[in-house]
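Please keep the sequence and the three-dimensional view at hand while reading.

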Amino acid sequence: MVRVEATETGRRAAARGGAGPSEAWRVIVRRASTLGFRPGAWKRGRVLAALALVLGLIMALHARITDRWGLGSLVETFLPWSGVFVPVLLAGALWRRSASAVVALLLPTVVWLSLFGGLLGDRSGSGGDLTVVSHNVGAGNPDPAGTARDLAASGADVLALQEITTRAKPVYEKALAEAYPHHAVRGTVGLWSRLPLSDTEPVDIAQDVGPLGDAKPAEAKLADARALRTTVATDRGPLAVYVAHLGSVRVHPRTGFGTQSRDRNARALGEALAAEPNERVVLLGDLNGTVDDRALDGITSRMDSAQEEAGDGFGFSWPARFPVARIDQVLVRGVEPVGSWVLPATGSDHLPVAAGIDW
């Protein structure tokens, strides 16, 4: 019956001038509108209906999913992509002519929109007292000089870099010297600024733990530092700026989503931010997690995401070739983000992220 109906539909469309695609959509709409009145429509597609309900419950209760093997963090990292399954299930429901599956899809649709609907529009404005850029430049970057030129051309007043290698450090310092007369590097993270810097110091994010960490010389710890704190002197007063690169996460066949070092770093960084006396604070860095990830609660509970407040869309930043997650962050406290955007790709596997902030 389906083949006959489809053939007859195609003939009628051809007779009216070949409006095949639009006619196909009209057929889908007609099917959807008459589902509830067809015999058996509420009995068909029970598996699809169950899948829709499970999807909605995962979205709604993601914070209650166990974090054993890093499962909770993994789900929350890619939570925005859960909405992709809604149209897939809808297509299946219409194909099966299942009224129950269509109704069940209301749950994941409503939950997804409540979680991420506010990110679909453009919330960005223009202007701002200060433009900040953060970029994980990549340890394997084949063209650090080109990356530095691209970043300098962005017009950033304050530029934070992560994953600076010993070999690439002098390249960045030389290429950025003219545009940024002030800079500070601690270990693998650094900050370049058009404005004066002061009180720069590494931030202990609990990289080295246990007896081996305690025995590690201070010079070695400084060389491997992945976070710093400095004060930027602005016309509107001092601004505390943190640059951080939290531990990487890995997927292991036996142990699952490995987040131990990232989680430990996040807790330590959250404590440092809690103790920060300056009312105006900006955190720039690769946090190896999204703002939806529970592991970053100690940070995100104290800071606002510039992308969520004043961005356009989700602002995915990694991987550069096909971004699927925003793990590079601009977080603020005591200042107002007026715009947030993602810059074009460089030689890194991350995209640079930028924001304009105002007082």
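The structure, which is a predicted model, holds one cavity of 30 Å³ or more. The space in the largest cavity amounts to about 180 Å³, and 16 residues line this cavity. The points below take up the cavity, then a sheet, and finally a helix.

**Cavity**

- Rolling a probe the size of a water molecule over the atoms shows where empty space is left.
- Among the residues that line the largest cavity, Val291, Asp292, Glu308, Phe314 and Arg326 are the closest to its centre.

**Six-stranded sheet**

- Strands of a sheet pair through backbone hydrogen bonds, either parallel or antiparallel.
- Six strands form an open sheet with mixed pairing, in the order E3-E4-E2-E1-E14-E13.
- Strand E3 (182-186) and strand E13 (336-342) are the edge strands, and each pairs on one side only.
- From one strand to the next, the twist averages 15 degrees.
- Strands E3 and E4 (residues 189-193) run antiparallel and are joined by five bridges.
- In this region, Ala184 stands opposite Leu191 in E4.

**Helix H12**

- Helix H12 consists of 15 residues (residues 260-274).
- From its first C-alpha to its last, helix H12 reaches 21 Å, close to the 21 Å expected at 1.5 Å a residue.
- The buried residues in H12 are Arg262, Asp263, Asn265, Ala266, Ala268, Leu269, Gly270, Ala272 and Leu273.

Methods. Residues are numbered from 1 along each chain as its sequence is written. This is a predicted model: local features need pLDDT of at least 70, side-chain atom pairs count only at pLDDT 80 or more; totals for chains, interfaces and linings use all residues. Side-chain values use heavy atoms; hydrogens and water are left out. Two strands pair if DSSP finds at least two bridges between them. Helices (H or I, at least four residues) and strands (E, at least two) are DSSP runs, numbered from the N terminus. Axes are lines fitted to C-alpha atoms, for helices over the stretch in contact, and angles run from 0 to 180 degrees between N-to-C directions. The expected span of a helix is 1.5 Å times one less than its number of residues. Buried means under 20% relative accessible area, exposed over 50%, partly exposed in between (1.4 Å probe, protein chains only). On a 1 Å grid over the protein atoms alone, a cavity is a set of points where a 1.4 Å probe fits but cannot get out, and a pocket is an open set with protein on both sides within 12 Å along at least five of seven lines; lining residues have an atom within 4 Å of a point. Grid points are joined across faces, edges and corners, and a volume is the space filled by probe spheres set on the points.
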